[in-house]
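Then follow the stops below, selecting side chains as you go.

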Amino acid sequence: RGGNIRPLSLPAHEAVQVATWDLLSKQLGLPLWRVLGGDRAPRVAAYASGLDFHLSDDDFCALFGTADEQGYSAFKIKVGHPVFERDLHRLELLSRTVRKGAQIMVDANEAWGAKEASVKIHAMRDAGFPLLWVEDPILRHDFDGLRLLRQTTPFTMINAGEYLDASGKLALMQAGATDILNVHGQISDVMRVAWVASELGLPVSLGNTFLEVGAHLAAALPNVTWLEYSFQNLDQLVEQPIGIVDGHVVLPDRPGHGLALRDQVRRGDLHQP
């Protein structure tokens, strides 16, 4: 996880929530995942997410090869290129780079229309690439299109909701428009929406959160199947990053979220090797 660090900040309202929950947990002398209601072993399955659309083929293979060596057994890549053969090419590269039998997900970031998505998802399957899920294949509010995809691609799951606020996520679930709900963001909103999903029997995936604070939420919820880990070189900001062992996030027992900024980061010296 080398490389230079680029400054990254949370939205103010989200930062306030993280700080408030962290302070409460420290006052109670408990890790955040426990305060949020977690009572099981704090270990959550994680998938390696490349944020890889811009990478060259060599860098793409190096990134996912490193993730495979670190013990990940599930991998998500970006698709939705204007030239569809490039998406298939990347899937082929991934299959040759990571372990046999790995779980593969793709994320189109709303690049397709509903019928186009159905055609391309079938083409990926027919080319020999079974997918655990397809994330955000079409526009976030196209609930009719998402329902259509669920019906026409029964061999994979549709993962949606990342770009919707709490009320939008509730509407998405009420519309029966996703197989997996993608949540991340404000702690209180995530917990409320994810518990509704649990009541509906809908699994949840927890998307990227700053310095993996979201791992605490994943450990506290009953229906989180996967936690996203992207290689953003941010671990160097803190003294003790949240640990990842054999493709699983292992939560700390330290009070609060357990993350303390390193001295040089506090001084503003962000470019550390």
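**Stop 1**

Select F75. Beyond its neighbours within four places in sequence, F75 is in contact (heavy atoms within 4.5 Å) with Y47, A48, F64, A67, D68, L94, V98, A102, Q103, I104 and M105. This is a predicted model: local features need pLDDT of at least 70, side-chain atom pairs count only at pLDDT 80 or more, and totals for chains, interfaces and linings use all residues. Residues are numbered from 1 along each chain as its sequence is written, and side-chain values use heavy atoms, with hydrogens and water left out.

F75 and L181 have the most contacts inside the largest nonpolar core, a set of 74 residues. Such a core joins buried Ala, Val, Leu, Ile, Met, Phe, Trp, Tyr and Cys residues through side-chain atoms within 4.5 Å. Buried means under 20% relative accessible area, exposed over 50%, and partly exposed in between, with a 1.4 Å probe and protein chains only. Next, show helix α8, residues 187–199, which gives this core six residues, the most of any contributor. Helices are DSSP runs of H or I with at least four residues; strands are E runs of at least two, and both are numbered from the N terminus.

A second, separate core has eight residues, A45, W133, I180 and W226 among them.

**Stop 2: the aromatic cluster**

Select Y47, W133 and W226. They form one aromatic cluster. Rings of Phe, Tyr and Trp (its six-membered ring) pair if their centres lie within 6.5 Å; planes under 30 degrees apart are stacked, over 60 edge-to-face, and the rest tilted. The whole structure holds seven aromatic pairs. Y47 and W133 are edge-to-face because their planes stand at 85 degrees, with centres 5.4 Å apart. Y47 is in strand β1 (residues 43–49) and W133 in strand β4 (residues 133–135), 86 residues apart.

How buried is Y47? Its relative accessibility is 0%, so Y47 counts as buried. W133 is also at 0% and buried.

Turn to W226. Y47 and W226 are edge-to-face too, at 6.5 Å and 75 degrees. W226 lies in strand β8 (residues 224–230), so this pair ties together parts 179 residues apart in sequence. W226 is buried at 15%.

**Stop 3: charges over rings**

Select R86 and F53. The charged end of R86 sits over the F53 ring, 4.9 Å from its centre. The cut-offs are NZ of Lys or CZ of Arg within 6 Å of the ring centre and within 35 degrees of the ring normal. Finish at R125, which lies over the face of F155, 4.2 Å from the ring centre.
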